[in-house]
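These notebook entries record what I looked up in one protein structure.

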Amino acid sequence: MNIPSTPDRRLVVVVRADPVICGHSGEARCLAEVALTRGYDDVRIVTWPLDALEAAGLPLKPLDRVLPYSPGITVERPDPVGDYRVPDGRYLSGLIGRLVELFSDGVPTVAMSLYLSPHAIAVQEAVQVARRIGPARVTTVAEAVGSDITNVVRECVDTGRFGAAAHILSVYLAADHCVAVSEYTRDLIVASAATLDGMHGTTFAQQCRERIAISYPAVDSSSYLSLTDDGIAETLTRRGLSRDGYVLFLSRIASAKGVDDLIDAYAGSRSAEQVQLVLAGRGPQEDEVLARVAAAGLGERVRVLTNVDDAEKPALMAGSAAFVLPTREQPEFVETFGIALVEKALAGGGPIITCATGGVPEAVGDTALLVPQRDPATLRTVLDEVVCDWTREQRVAAERRAREYALQFDRVAVFDRLFARAEAPAVHVA
């Protein structure tokens, strides 16, 4: 698909995109892909230069194994503006500058930001400039994710940094359309805003109640529903695995994901005698996880895979005897949806075991086995039950129910619901 010299409709998604390991980088890809089928003839993902992502310490996929975007999707990584005397603002200036150029040429544009800080901030700054200097025709959609609140707003409220919290909520509410990735996230935003209101007499909470809609993350179901037995077997053979021969954790390797609870549950379990444990992902606790596995004497039973790409992920999920994500609430992070859980449900295979924290219940409904957070003993009991005691009929029934529930998060359905709202006449809020 060639981008016309004068496009008719443009979509700009501002996000930490591939190669960042994050469900919302995948969501951006999904929305961009669907936009190509919905009349958008200029689809752009505007993100950060690779060196900035690497310097931030974000978990990244192997660069040579990132799946290509469809023809017609342009990924832009604007260079920083300024020199060493502008430490972090150089990259943000580069991002805002490019957005100003895209917004000020008169092409009808929907600009969607995933994460309020700094992406919604960048979009809002660019829109204000574009409306001053050119025939801007931009509708903005700001999507709030959990870490926007747990890692930014709530921290600012807790530490008394009124200005920063007020700034990010103001930017959010300045968007034409405000959405959150789950009911839980919306409630979290309203609660944090109410705390701020109580401290400083502001009125953010009521505005948030009135304006925030729910838009669940978009998932490409076709990547999971198109799996074949031969394709699964090929992937597993390449990894030295066998179907139903391992329990899978596939997420960011970080404390809030509860990977240490899973290792403790697996140690001494009946499951450990029958299946391996595969820990797939990247993250800040990789070294700690390796040390914990060694200390438990599980070196021969636990595999740590830090180079899994998107093409392998569906097959690894489908081939597992069980998928375990014992996510837990921590001050800086709460699982406000659980994209990996939806992906696993679509892929099939063994049942999902997780914790009812944050927005997880919205992602899995009643189709997963829920255990208390920070409870390796209960996790071990449930893991042994599904791996060692479940019948084939139980597994098939659980697989079918989980897939049927997860289909509501297919990217086409999510896109159409969201853009029916975004393409309606916008209500501009002063």
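The entries below follow the order in which I consulted the model, which is a predicted one.

**Entry 1: cis peptide bonds**

I began with the omega angles. The bond joining aspartate 18 and proline 19 is cis, with omega about 15°. I then located proline 19, which sits in the loop between β1 (10–14) and α1 (23–35). A cis bond also runs from serine 117 to proline 118, and here omega is near 5°. Proline 118 belongs to helix α4, residues 116–133.

**Entry 2: positive phi at residues other than glycine**

I next looked for positive phi values. Tyrosine 115, although not a glycine, has a positive phi of about 90°. Tyrosine 115 lies in the loop between β4 (109–114) and α4. Is tyrosine 115 buried or exposed? I noted a relative accessibility of 6%; the cut-off for buried is under 20%, so tyrosine 115 counts as buried.

Aspartate 244 is likewise not a glycine and has a positive phi, of about 60°. I found aspartate 244 in the loop between α10 (229–238) and β8 (246–250). Its relative accessible area is 37%, and aspartate 244 is therefore partly exposed.

**Entry 3: helix α5 and the glycine after it**

I listed the buried residues of α5 (146–158). They are Gly146, Asp148, Ile149, Thr150, Val153, Cys156 and Val157. These buried residues pack against α4, β5, α6 and α7. Just after α5, glycine 160 has a positive phi of about 75°.

I also took a distance from cysteine 156 to valine 129. The two are 27 residues apart in sequence, and their C-alpha atoms are 28 Å apart in space. Valine 129 is a residue of helix α4. With a relative accessible area of 29%, valine 129 is partly exposed.

**Entry 4: helix α7**

I then recorded the buried residues of α7: Thr185, Leu188, Ile189, Val190, Ser192, Ala193, Leu196 and Asp197. In general, an α-helix has 3.6 residues a turn, so residues three or four places apart point the same way. The buried residues of α7 pack against several elements, among them the strands β5 (138–144), β6 (177–180) and β7 (212–214). The helices α5, α6 (162–174) and α8 (204–211) are also among their packing partners. Just after α7, glycine 201 takes a positive phi of about 75°.

**Entry 5: valine 141 in strand β5**

I turned to valine 141, which is in strand β5. Its relative accessibility is 2%, so valine 141 counts as buried. Methionine 112 is 29 residues away from valine 141 along the chain, yet their C-alpha atoms are separated by 4.6 Å. Which residues does valine 141 touch, not counting those up to four places away in sequence? I found Val110, Ala111, Met112, Ser113, His177, Val179, Leu418 and Ala422.

**Entry 6: arginine 411 in helix α19**

I looked up arginine 411, which lies in helix α19 (residues 411–422). Is arginine 411 buried or exposed? At 18% relative accessibility, against a cut-off of under 20%, arginine 411 counts as buried. Leaving aside neighbours within four places in sequence, I recorded contacts of arginine 411 with Cys30, Glu33, Val34, Ala218, Val219 and Asp220.

**Entry 7: the pair α11 and α17**

Two packed helices are described by the angle between their axes and the distance between the axes. For helix α11 (residues 259–266) and helix α17 (residues 376–389), I noted an angle of about 60° and axes 8 Å apart. That angle makes α11 oblique to α17. The crossing of α11 and α17 is right-handed.

I then listed the residues in contact. Helix α11 contributes Asp261, Leu262, Asp264 and Ala265, while α17 contributes Pro376, Leu379 and Arg380. By class, this contact has four nonpolar, no polar and three charged residues.

Conventions:
Residues are numbered from 1 along each chain as its sequence is written. This is a predicted model: local features need pLDDT of at least 70, side-chain atom pairs count only at pLDDT 80 or more; totals for chains, interfaces and linings use all residues. Side-chain values use heavy atoms; hydrogens and water are left out. Helices (H or I, at least four residues) and strands (E, at least two) are DSSP runs, numbered from the N terminus. Buried means under 20% relative accessible area, exposed over 50%, partly exposed in between (1.4 Å probe, protein chains only). Axes are lines fitted to C-alpha atoms, for helices over the stretch in contact, and angles run from 0 to 180 degrees between N-to-C directions. Angles under 35 degrees count as roughly parallel, over 145 as roughly antiparallel, 65 to 115 as roughly perpendicular and the rest as oblique. A crossing is left-handed if the near helix is turned anticlockwise from the far one by less than a right angle, and right-handed if clockwise. Contact means heavy atoms within 4.5 Å. Ala, Val, Leu, Ile, Met, Phe, Trp, Tyr, Cys and Pro count as nonpolar, Asp, Glu, Lys and Arg as charged, and the others, Gly among them, as polar.
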